[in-house]
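Colleague: I would like to learn how to read a structure one feature at a time. Could we take the features in turn, with the general idea before the case?

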Amino acid sequence: VAQAAANQNSFEVFGSLLVKAMLQFKWNSFAREIYLQQLAAFLIHLLLVCFFSVALSRTYRMDTWGELLNSSEGKLAVGLFPFVFVMSIVFCFIEVKQLLVDGSAEYFNDSFKYVDLLTF
């Protein structure tokens, strides 16, 4: 329904009672849960990246691994790195999967996809 409305550039169908009921049913059945899971994963990733960045920024004068691992900020940065790295790879994989499913013309038609690619 959404694709047909977008192709016709006419979104009046979303005002119909049937489509509203269908969307509400989907939201209540599964979409809300998926949305909350994706939001939680993004917020956890954001929090880890922020902590990692702050910790790493405080270690820029350390020249050796020994100095890095002897500081609390260095330990935090080294400990968070695997989690930040893996989550970033997973998010990149999801974007590539969406690109392959949607096709490049459809994928890059959405301006938010550029933001998604730049953030990961």
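Colleague: Is asparagine 9 buried or exposed?

Modeller: Relative accessibility is the figure to read, and a residue over 50% is called exposed. Asparagine 9 has 64%, so it counts as exposed. Keep in mind that this is a predicted model.

Colleague: Where is asparagine 9 placed?

Modeller: Asparagine 9 sits in the loop between α1 (2-8) and α2. Its backbone has a positive phi of about 55°, although asparagine 9 is not a glycine.

Colleague: How many helices and strands are there in the protein?

Modeller: The protein has six helices and zero strands. Read from the N terminus, the order of elements is α-α-α-α-α-α.

Colleague: What radius of gyration does the protein have?

Modeller: The idea is to set the value beside that of a compact globule with the chain's number of residues. For 120 residues such a globule would be near 14 Å, but the protein has 21 Å. The C-alpha trace spans about 65 × 30 × 20 Å along its principal axes. Buried residues make up 15% of the 120 residues.

Colleague: Which residues make up the largest nonpolar core?

Modeller: In soluble globular proteins, nonpolar side chains tend to be buried together. Here the largest nonpolar core has six residues: Leu48, Phe52, Ala55, Ala77, Leu80 and Val84. Helices α2 and α4 each supply at least two residues of this core. Take alanine 55 as one of its members. Leaving out residues up to four places away in sequence, alanine 55 touches Glu73, Leu76 and Ala77.

Colleague: How many aromatic pairs does the structure hold?

Modeller: For a pair of rings, read the distance between centres, then the angle between planes. The structure holds six aromatic pairs. One of them joins tryptophan 27 and tyrosine 35, with 6.0 Å from centre to centre and 45° between the planes; this pair is tilted. Tryptophan 27 is partly exposed at 36% relative accessibility, and tyrosine 35 is partly exposed at 45%.

Colleague: Why is the pair of phenylalanine 52 and phenylalanine 81 called tilted?

Modeller: Planes under 30 degrees apart count as stacked and those over 60 as edge-to-face, with the rest called tilted. The planes of phenylalanine 52 and phenylalanine 81 are at 40°, so the pair is tilted; the ring centres are 6.0 Å apart. Phenylalanine 52 lies in helix α2 (residues 17-57) and phenylalanine 81 in helix α4 (residues 72-102), so the pair ties together parts that are 29 residues apart in sequence.

Colleague: Are phenylalanine 52 and phenylalanine 81 buried or partly exposed?

Modeller: Phenylalanine 52 is buried, with a relative accessible area of 15%. Phenylalanine 81 is partly exposed, at 44%. Both belong to one aromatic cluster, formed by Phe52, Phe81 and Phe85.

Colleague: Which residues does glutamate 95 touch?

Modeller: Without residues up to four places away in sequence, glutamate 95 touches Tyr107, Lys113, Asp116 and Leu117. Glutamate 95 is in helix α4 and is buried, at 6% relative accessibility. From glutamate 95 to leucine 117 there are 22 residues in sequence, while the C-alpha atoms are 7.3 Å apart in space.

Colleague: Where is lysine 113 found, and what joins its side chain to that of glutamine 98?

Modeller: Lysine 113 is in helix α6 (residues 112-119). At 12% relative accessibility, lysine 113 counts as buried. A polar contact of 2.6 Å joins its side chain to that of glutamine 98. The C-alpha atoms of lysine 113 and glutamine 98 are separated by 9.7 Å, with the residues 15 apart along the chain. Apart from neighbours within four places in sequence, lysine 113 is in contact with Glu95, Gln98 and Tyr107.

Colleague: How far is the side chain of serine 29 from the backbone oxygen of phenylalanine 25?

Modeller: A polar atom of the serine 29 side chain lies 2.8 Å from that backbone oxygen. Serine 29 is in helix α2 and is partly exposed, with a relative accessible area of 42%.

Technical notes
Residues numbered from 1 in each chain as written. Predicted model: local features only at pLDDT ≥ 70, side-chain atom pairs only at ≥ 80, totals over all residues. Heavy atoms only, no water. Phe/Tyr/Trp six-rings, centres within 6.5 Å; stacked < 30°, edge-to-face > 60°. Buried < 20%, exposed > 50% of the residue type's maximum accessible area, 1.4 Å probe, protein only. Helix = DSSP H or I, 4+ residues; strand = E, 2+ residues; numbered from the N terminus. Core = buried A, V, L, I, M, F, W, Y, C linked by side-chain atoms within 4.5 Å. Contact = heavy atoms within 4.5 Å. Rg over C-alpha atoms; globule rule 2.2 N^0.38 Å. Polar contact = N/O pair within 3.5 Å; in protein donor to acceptor, adjacent residues only side chain to side chain.
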